[in-house]
Amino acid sequence: MKVNPDFAMPEQLEYPLPYASRLLSPRELKKQDVYSYLSPKEGRLVRVIGLSLIVALRLEFSPDVSRYIERPRRLSCDGEFHELSFWYRERNGRERCVMVVPHASSSLDATGRRHHRHAQLLLEAAERASVPLHFEAEAQLLEEKPQSQARLRMLPMVQTALRLNNRLPLRQRIVEFSSQLERFRLSQLVKALEGYAPADVRAVACDLIHIGRLQVDVSAPLSDGSLLWRTAP
């Protein structure tokens with residue numbers, strides 16, 4: 001089979017990265033709740049602390065995000081240094097930074113919403129540094145936990161797909177199958193491609209979800225009963 005080069009890898013223009021990830025100290029590795037994983041998008045080991053994992057997995061699985069870096073830099077604010085959680089670049093070239101705000105660093109406003117207690121000062125510092133900053137509060141991230149768990153369960157299958165010799169032709173077969181149906185279950189896909197190992201089909205399906213060629217409802221873990229559908233190239 002002639003493989004469509006469109007499926008060789010996600011299309012993206014490479015630009016120099018403005019930051020490098022700060023390495024975690026031995027004390028942080030020992031004392032903090034650290035999560036490590038090999039990022040298919042970044043091609044390197046990513047290490048994040050606590051709730052930052054939820055944001056990291058969202059960025060990893062977002063087809064609109066081409067690159068991301070954890071702990072990219074610090075902002076000086078009111079005599080203190082505050083570390084940004086992530087920098088990321090979208091495929092349209094827009095860049096943004098995220099600061100995860102735990103309960104301990106937040107306060108309630110009149111509407112009952114939580115904000116970083118130094119939000120205004122940090123936004124002013126970010127503007128002076130030409131950093132497009134937004135905040136992600138702990139309460140909001142906890143609401144996203146089911147989606148994060150679904151992405152975390154798909155991640156090893158995406159990593160497996162990268163090592164498959166038949167990845168590219170299987171990608172093409174899955175996309176061809178998906179073009180015939182508006183929606184389909186993963187079990188239907190496995191059955192239709194019975195010439196391939198079921199584990200390979202599931203892994204490459206997750207690979208296509210990862211790059212945005214397929215979609216799935218991530219409010220529940222991926223299973224053979226999950227509905228998938230194709231997105232436009």
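Helices (H or I, at least four residues) and strands (E, at least two) are DSSP runs, numbered from the N terminus. The model is predicted; local features need pLDDT of at least 70, side-chain atom pairs count only at pLDDT 80 or more, and totals for chains, interfaces and linings use all residues. Residues are numbered from 1 along each chain as its sequence is written, and side-chain values use heavy atoms, with hydrogens and water left out.

Most residues other than glycine have a negative phi. Arg 71 is not a glycine, yet its phi is positive, about 45°. Arg 71 sits in the loop between strand 3 (65-70) and strand 4 (74-77). Its relative accessibility is 9%, so Arg 71 counts as buried. Buried means under 20% relative accessible area, exposed over 50%, and partly exposed in between (1.4 Å probe, protein chains only). Ser 130 also has a positive phi, near 60°. Its place is in the loop between helix 3 (119-128) and strand 10 (133-137). Ser 130 is exposed, with a relative accessible area of 64%.

Helix 2 (residues 52-61) packs against helix 5 (residues 145-161). The angle is about 55°, and the axes lie 10 Å apart. Axes are lines fitted to C-alpha atoms, for helices over the stretch in contact; angles run from 0 to 180 degrees between N-to-C directions. The two helices are therefore oblique to each other. Angles under 35 degrees count as roughly parallel, over 145 as roughly antiparallel, 65 to 115 as roughly perpendicular, and the rest as oblique. In helix 2, the residues that meet helix 5 are Leu 53, Ile 54, Leu 57, Arg 58, Glu 60 and Phe 61. Their partners in helix 5 are Ser 148, Arg 151, Leu 152, Met 154, Leu 155 and Val 158. Contact means heavy atoms within 4.5 Å.

A nonpolar core is a set of buried Ala, Val, Leu, Ile, Met, Phe, Trp, Tyr and Cys residues joined through side-chain atoms within 4.5 Å. The largest has 46 residues. Those with the most contacts inside it are Phe 86, Met 154, Ile 174, Leu 189 and Leu 228. Helix 8 (residues 198-211) gives the largest share of this core, 8 residues. Apart from this core lies another, of 11 residues, including Cys 77 and Trp 87.
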